[in-house]
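These are my notebook entries on one structure. I went through it chain by chain and wrote down what I looked up.

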Amino acid sequence: MTTLMFALIALGSLALIFGLALGYASIRFKVDEDPIVEQIDQILPQTQCGQCGYPGCKPYAKAIADGDDINKCPPGGDATIKKLADLLGREVKPLNDAHDGPDIKRVAYIREDECIGCTKCIQACPVDAIVGATRQMHTVIADECTGCDLCVAPCPVDCIDMLAVQPTVQTWQWQMQAIPVTVVDAND
Amino acid sequence: MNLLSSPFTRQSLKTHDLMRMVILCCIPGILVQAYFFGYGNLIQIALAAGTCWLTEAAIMIMRNRPALRVTADNSALLTGVLLGIAVPPFLPWWMTVIAAVFAIAVVKHLYGGIGNNLFNPAMAGYVLLLISFPVAMTSWQPVGALAHHQLGLWDSLQLVFTGFSADGFSLQQVRMTIDGIAAATPLDTVKTDLHQGLTLDESMVKPVFGSFAGAGWEWLNLAFLAGGLYLVYRRVITWAIPGGMLISLFVCSAIGFALQPDGTASPMLHLFSGATMLGAFFIATDPVSACTTVRGRWIFGALIGALVYVIRTWGGYPDGVAFAVLLANMCVVLIDHYSKPRTYGHKEAS
Amino acid sequence: MIDVKQLLTTDKLWDYAGGVFPEYRKEQSRQLPIHSAWIPPLVHVPIRQHIGQSGNLIVKAGDQVLKGQLLTEPTHGMAVPVHAPTSGIVEAIGQSPSNHPSGLNEVSLTIRTDGQDTWCERKPVSDASSLSDNDLLQLIRYAGISGMGGAGFPTEIKLTPVNPIQLLLINGAECEPYISADDTLMQAHADEIVAGIELMVRLLSNPVVVIAIEADKPKAIEAMEQASANLEHIRVRSIPAKYPSGGERQLIQIITGEEVPSNGIPADLGIVVHNVGTAYAVSRAVYQDEPLISRVVTITGNRVLKPANHWVLLGTPINDLLHHHGLDELDPVIVGGPMMGYQLPHAEAPVIKTTNCLIIPSQDELPSPDQQMPCIRCGACAEACPANLLPQQLHWYALAEDQDKLNEHNLFDCIECGACAYVCPSEIPLVLEYRQAKAMIRTSRQEQLKAERAKQRFEARNERLEQEKQARAEKHKKAAEARLKAMADKQSSASDKSSAESSAKQSAAVAAALARAKAKKASQQPQKTMVDEQGQTVPDNSDIAAMREARKAEARAKKAQKQSSSSSSDGTSDKSAAVAAAVARAKAKRQAQASSNEPEAQQPKADSNAADDKAARVAAAVARAKAKRDAAQHSDAKPAVTASSEQPPAADDKAARVAAAVARAKAKRQAQQATDTDQKPQPTGAAEPAQDKAARIAQAVAKAKAKRAQQAAQDDSEQ
C-alpha cells in the first residue's frame with residue numbers, strides 16, 4: 001500500500017513539476033504572431049496578382065497556413081510550390097492553373113500613343129508601378145512591375161501589353177547552348 | 001556552332017589515364033607476389049578483373065549507357081586488379097566472382113556508378129568474402145621457399161577451379177609447409193603466438209618471418225611501396241593519404257611497442273606485413289571513396305592507420321586494412337565537412 | 001597594415017594556394033614591333049565597354065565625327081565615355097552584336113570611316129604639374145579610360161579612393177597563355193608606362209609602386225627596370241610564372257602576403273592595382289590628349305600565319321580585322337586567353353577596351369573536350385584552386401542548384417580562373433557551372449529584393465487607399481454639414497428669397513440623393529458578393545475573381561468575334577451606341593464629382609470645357625472598348641452572363657446618374673436655345689470631333705439616351 005502511495009506521489013509530483021515547467025515555458029517563450037504566415041509570405045513572389053483567388057500574397061499566405069492548397073500561385077511556379085512544400089511538409093503538387101505557355105518573366109508595357117489617360121490601370125496596379133495623371137499618358141515603371149497583369153483588363157483601349165523580359169548582357173544566365181543566332185548582313 | 005566555355009586548354013591526364021597508371025604501378029607488386037606465392041594471384045587478378053569489366057559492361061547496357069565507352073575508364077579493371085591482389089592465391093573461383101560482381105554491381109552501381117560510391121568497391125567485395133568465408137579468406141599460401149608443394153600454372157588453375165591440384169591435393173594439403181604444419185601469414189602467426197603468451201622475439205624466430213618482417217611479404221610490401229612512390233611522383237595520387245596512414249600506423253605501433261615490447265608486433269612488422277603498402281598507396285587512395293580536402297586526406301589516412309593497428313592488435317582478424325578502409329569511408333563526409341580549407345579572403349579578423 | 005617601405009627592398013615573395021602551369025605558347029607573338037593600326041571601312045563602337053553604365057549619347061546618325069571626338073558624355077559616376085576611333089560619319093545608332101560570350105545585341109554606334117583619320121582638336125599637356133588633381137582626373141575620365149586588364153573598371157574611380165593608398169601595384173604579370181599584349185607594350189613603351197604610373201602616383205598621394213612581371217618576360221622586365229631606374233619609389237619585381245598570378249587578388253598575395261577580404265576591395269588594404277595598359281592609356285590621355293581609342297591586341301593561334309601584336313582601333317569588327325590579316329575561316333575565335341577567355345558567338349562583334357587577345361586555334365591546338373565523365377572526387381581541382389575553394393563540392397551543389405550550400409562554400413569567391421577545369425581529369429566544365437550558379441543566385445537575390453519591394457509598395461498603397469477613403473468620407477461629412485448649416489441660416493434669416501431657398505433645397509436634395517445612392521451602392525456590394533459567393537469559401541476575392549473571369553470571357557468573345565462576321569449595320573449601331581455610352585459615362589462621373597461642391601448651372605459648361613482636343617481620340621478609343629464589350633455580350637451568351645453578374649448593378653447606378661445629368665443638361669439647354677436634339681438621328685461618326693460646343697453636347701445627350709435605351713433593352717432581354 002505504501003509502495004503504491006509512493007509511486008502515486010512520485011508520479012503526481014513529476015506531473016506537477018512538468019506541468020509548471022510547460023506552463024511557464026508557454027508564457028515565457030510565447031510566440032506573438034503565427035510566424036508561419038510570415039514565412040509563407042516570404043516565399044510567395046509578392047506580385048499581388050490575385051491569381052490565387054485571394055486579394056494579394058499575404059491573404060493567400062494566411063489561407064495556406066489555414067490549410068489551403070499550395071499550388072495556386074502561377075507567378076511563383078513550381079519553385080515556389082517546392083519551397084512551400086518544404087516549409088510545410090506537404091506534398092508537391094502541380095500548379096492548379098495550367099496556364100498558357102512556360103514561365104517567362106513579363107512586365108506590362110503601355111503603348112503610349114494609344115493611351116487615353118483614363119487612370120484605370122493606375123488604380124488597378126497593386127504595387128503603384130504605373131505613373132501618369134488623368135488624361136496624361138501613363139507609363140509602367142518596368143523595374144517595379146511584378147508582371148501580375150491586373151492592369152491589362154481594366155484598360156478600356158487595350159493598350160497594355162505583357163511583354164517578356166528580354167535577356168541583356170547583364171542578366172544573361174550563361175546558357176551556352178541557347179544563344180540566339182542572329183543573321184547579320186555581311187555588308188552591314 | 002557549338003559554343004564552349006573557358007578554359008579551352010586542359011591538361012592531358014584524363015580519368016582513364018589515371019586508372020591505367022594505377023594499374024600499371026601495381027605490376028611490380030604483382031610480379032613479386034607471383035614470385036613468392038605462385039601463379040594463384042595472377043589467376044585471381046585475371047578472374048576478378050574480367051568479372052568486374054563484364055559486370056560493369058552489363059550494368060551499363062542495362063542503364064542504357066554506351067557500354068564500351070564508359071567501361072573504357074578502366075575503373076572496373078582497377079577494382080578487379082586490386083581485388084585479385086588482395087584475395088588468397090588459391091581461393092575458389094566462385095568466391096572471387098561473387099566478390100567482383102558484388103563490388104561492381106552493388107557497391108558501385110547501386111550507389112550511382114563511378115564517382116558516387118560511398119565505399120571502396122574492391123575492399124567491400126573483399127570484406128564480403130572475409131565475413132562469409134573466413135577460413136578460405138585467411139588460407140594464405142606459405143611463401144614459395146617454405147611450401148611443401150611447388151605448384152605450376154596447371155596445378156594452380158586446377159586448384160582454383162576444382163579445389164584440388166592436378167595431383168589431387170586439396171587446398172589444405174597444399175598449404176602444408178615443409179614442417180608439415182598449415183601455413184599462416186606472419187601477422188596471423190604473431191597474433192596467435194602473442195595470444196598464447198609467447199614473446200615477440202620467440203615468435204619472430206619462426207621461418208615464416210624474414211629479415212625484418214614476414215618472409216616474402218616484406219618484399220611484396222616494398223614492391224608496392226615502389227609502385228606507390230611512382231604514383232606520387234607522377235601526381236596521380238597525393239602524399240596525404242598514404243603519408244597519413246603510414247605515419248599513423250607507425251606512431252601507433254611504436255607507442256604500443258614501446259609500452260609493451262614483448263607483447264605487440266614491432267612497427268617494422270606492421271609497416272611491411274600484410275596489405276599495409278598496398279592499402280596505403282593503392283586502396284585508400286581510391287579518390288571516389290576517400291576525402292577530397294587536403295587536410296581531410298591526412299585525417300582520413302591517419303584514421304585508417306590507427307584502425308589497422310587496432311584491428312591487427314585487438315581484432316579478430318589478422319589483418320585489418322579492408323575493414324579500416326571501409327570504416328574510414330563512412331567518416332569521409334564528416335571529415336570533409338570539418339576540414340574545409342579557409343577560402344581566400346576569409347581570414348579571421350586579426 | 002602592410003609595411004610598404006619594406007617592399008622596396010625585400011626579396012621575399014609569397015605564394016598563393018593552388019595554381020597551374022599551362023603551356024604558355026607566347027613565343028609566337030611576343031616579338032616587337034607592335035604593328036600599327038588598320039582603319040576598317042566600318043567601326044561599331046558599343047556605348048558601354050566597361051563595368052558600369054553607359055554615358056549619354058551626344059551625337060546622332062548622320063553626324064560627321066573626327067578621330068578622338070567624344071561620342072557619349074559621362075553624366076554620372078560609373079559612366080565612361082567612348083570616342084570615335086577615327087574620322088567618319090555616324091551611319092547608325094542601334095543594336096549590334098556585342099563582344100560578350102552571350103553575343104546579345106548592345107547599343108552601338110556604327111561609323112563609316114573616311115580613311116582620313118583626321119584628329120579632332122587636341123590640347124596635349126606638356127607639364128602635368130601645372131594641372132590640379134581635379135583637372136587631371138577629369139582628363140582621365142573624359143579620355144574614357146577603364147581597366148585594360150579584363151574587368152574594365154573605370155580608372156578614374158580607382159584613382160580617387162576613399163582609403164589612403166600605400167601601395168600602387170602595377171600588374172604586368174600577364175599570366176594567361178598566348179597573350180603577349182602587355183609584354184610587348186612594356187618592351188616598346190616602358191617610358192610612357194612609367195610616366196602614366198607617375199601620374200597615378202601623384203593622384204594617389206605618393207604610394208610605393210611595385211611593378212610585378214612574370215619571370216618569363218625578361219625583356220619587359222629589363223625595359224621597365226631601365227625606365228624606372230632613377231625613381232626610388234618604383235620597384236620592378238619578377239614573379240614566378242604560374243597561372244593565375246595575374247589575378248588581382250593573387251598578385252597582392254604574391255607581393256605583400258596579404259589577402260583581400262572576401263567582400264572587400266584591395267583599397268581596404270591600402271592597395272590599388274592597375275594594369276600596365278591602363279598606365280599607358282593614362283599617360284597618352286594626359287600628355288598627348290589622346291583618348292582611349294585603340295589598344296594592343298595579340299592575334300595568335302596556329303591558324304594565324306604571323307602571330308603578332310597589333311594596335312587595333314576600338315570598334316574594329318573582329319571578322320574584318322581577321323580578314324584583313326588573311327584569315328577566312330573564323331570558327332572558333334577565342335577572345336582573351338585560353339583559360340578565361342570566351343568563344344565569340346558572332347565574329348562581327350567589335351574589339352572593345354578589354355579585348356587583349358584573339359586566338360584562332362587549329363583543330364588540334366585547343367581540342368574540344370572529348371567526353372565529360374562523372375566526377376571521381378580526385379580533388380585535383382581543390383589543389384589547383386587559387387582561392388582555396390572546394391570545386392568538387394561546388395560542382396555537386398551547382399548541379400543540385402543548392403544555393404545555401406553554394407554560398408556556404410563561398411561560390412562568390414571564385415574568380416573563374418579556370419584552373420579547376422584545366423586539371424579536371426573528367427573534363428567537367430566546372431567554370432561554366434559556377435558561372436551559371438552565380439547567375440542563378442544573383443537572379444534569385446534580385447527577385448527576392450524585388451518581391452520585398454513589391455510587398456512594401458503593396459502595403460504602402462493599401463495604407464494610402466485607406467487614408468484616402470477616410471479623408472473622402474470626412475470631406476463629404478463636412479460638406480454636408482456646411483450645407484445644412486447654410487440652409488438653416490438662410491431659412492431663418494432671409495425667408496423672402498424663394499429662389500435661393502429652392503436652390504438650397506435642391507442642393508440639399510442632391511446631397512441627400514448622392515448619399516442615398518452611395519448607401520445603396522454600399523449595400524449592394526456585400527449583397528452582390530454574398531449572392532455570387534455562395535459556392536466560394538472566401539468572400540474577399542470576388543472582385544478580382546470576377547474581373548479575371550470577365551477578362552477571360554472577353555478574350556474568348558474577342559476570339560469568337562474574330563471568327564464570326566457580324567453584320568455591318570449591327571456593328572455600326574453598336575459602335576455609335578458605345579460612343580454615346582462612353583461620353584455619357586464620362587459626363588456622369590464628372591458631374592457626380594462636381595455636384596458635391598459646385599452649383600448645377602455650371603455643369604454643362606464644365607463638361608464642354610473639359611471635352612478638349614483629345615475628344616476625338618478618346619471617343620475612338622472608348623468606342624473600340626465599348627464595341628468590344630457589346631460584341632462580347634452579343635456573340636457569346638455564356639460569358640455575358642458571368643460578366644453581367646457584376647455589371648447590371650453598376651450600370652443601374654450609373655444609368656440613374658446619367659439620366660439625372662441628361663435631364664438637367666437638357667433643361668438647361670432647351671431654355672437657352674431650344675434645339676431639337678431628341679429628333680436627331682444616331683450620330684454619324686464618333687471619331688468626328690464636333691466643332692460647335694452646343695452641338696457636341698446635344699449629340700452627347702442623344703447618345704446617352706440611345707445608350708440608355710439600348711441598355712434597358714439589354715437588361716430586359718437578359719432578365
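I began with Gly23(A), which is partly exposed at a relative accessible area of 31%; buried means under 20%, exposed over 50% and partly exposed in between, with a 1.4 Å probe and protein chains only. I found Gly23(A) in helix H1 (residues 2–28) of chain A. Helices (H or I, at least four residues) and strands (E, at least two) are DSSP runs, numbered from the N terminus. I also looked up the separation of the C-alpha atoms of Gly23(A) and Ala129(A): it is 49 Å, for two residues 106 apart along the chain.

A note on conventions: this is a predicted model, in which local features need pLDDT of at least 70 and side-chain atom pairs count only at pLDDT 80 or more, while totals for chains, interfaces and linings use all residues. Residues are numbered from 1 along each chain as its sequence is written, chains are lettered from A and ligands numbered from 1 in the order in which they are written, and side-chain values use heavy atoms, with hydrogens and water left out.

Chain A, overall. I noted five helices and four strands in chain A. Along the sequence their pattern reads α-α-α-α-β-α-β-β-β. Of the 188 residues of chain A, 36% count as buried. Among the contacts in chain A (heavy atoms within 4.5 Å) with a separation of 6 or more, 51% are between residues 24 or more positions apart.

Chain A, backbone. Gln46(A) has a phi of about 60°, and its place is the loop between helix H2 (35–43) and helix H3 (57–65) of chain A. Gln46(A) counts as buried, at 3% relative accessibility. Thr119(A) has a positive phi too, near 70°. The loop that holds Thr119(A) runs between strand S1 (106–110) and helix H5 (120–124) of chain A. At 14% relative accessibility, Thr119(A) counts as buried.

Chain B, annotated threonine. In the unreviewed UniProt entry I found "modified residue: FMN phosphoryl threonine" at Thr185(B). UniProt positions are given in the numbering used here, feature names are shortened, and annotations may be inferred rather than shown by experiment. Is Thr185(B) buried or exposed? Thr185(B) is buried, with a relative accessible area of 11%. Its place is the loop between helix H9 (171–174) and helix H10 (186–195) of chain B. Not counting residues up to four places away in sequence, Thr185(B) touches Trp140(B), Val208(B) and Trp217(B).

I checked two of them. Residues 93–111 of chain B are 89% helix and 0% strand, with the end C-alpha atoms 26 Å apart. Residues 118–137 of chain B are 80% helix and 0% strand, with 24 Å between the end C-alpha atoms.

I then looked at how helix H1 (residues 15–37) of chain B packs on helix H2 (residues 40–62) of chain B: the angle is about 135° and the axes are 7 Å apart. Axes are lines fitted to C-alpha atoms, for helices over the stretch in contact, and angles run from 0 to 180 degrees between N-to-C directions. H1(B) is therefore oblique to H2(B); under 35 degrees counts as roughly parallel, over 145 as roughly antiparallel, 65 to 115 as roughly perpendicular and the rest as oblique. H1(B) contributes Ile30(B), Gln33(B), Ala34(B) and Phe37(B) to the contact, and H2(B) contributes Gly40(B), Asn41(B), Leu42(B) and Ile45(B). These divide into five nonpolar, three polar and no charged residues; Ala, Val, Leu, Ile, Met, Phe, Trp, Tyr, Cys and Pro count as nonpolar, Asp, Glu, Lys and Arg as charged, and the others, Gly among them, as polar.

Chain C, sheet. I recorded an open sheet of five strands in the order S12-S11-S15-S13-S14 (chain C), with mixed pairing; two strands pair if DSSP finds at least two bridges between them. Strands S12 (308–313) and S14 (342–343) of chain C each have a single partner strand, so one side of each is left without a neighbour in the sheet. Strand S11 (residues 294–300) of chain C pairs with S12(C) in the antiparallel sense over six bridges. Ser294(C) stands opposite Leu313(C) in S12(C).

Chain C, loops. The peptide bond from Tyr243(C) to Pro244(C) is cis, with omega near 0°. Pro244(C) lies in the loop between strand S9 (234–239) and helix H6 (248–256) of chain C. My last entry is Glu427(C), in the loop between helix H12 (419–423) and helix H13 (430–493) of chain C. Glu427(C) counts as buried, at 7% relative accessibility. Leaving aside neighbours within four places in sequence, Glu427(C) is in contact with Arg10(B), Lys14(B), Pro369(C), Asp370(C), Gln371(C) and Gln372(C).
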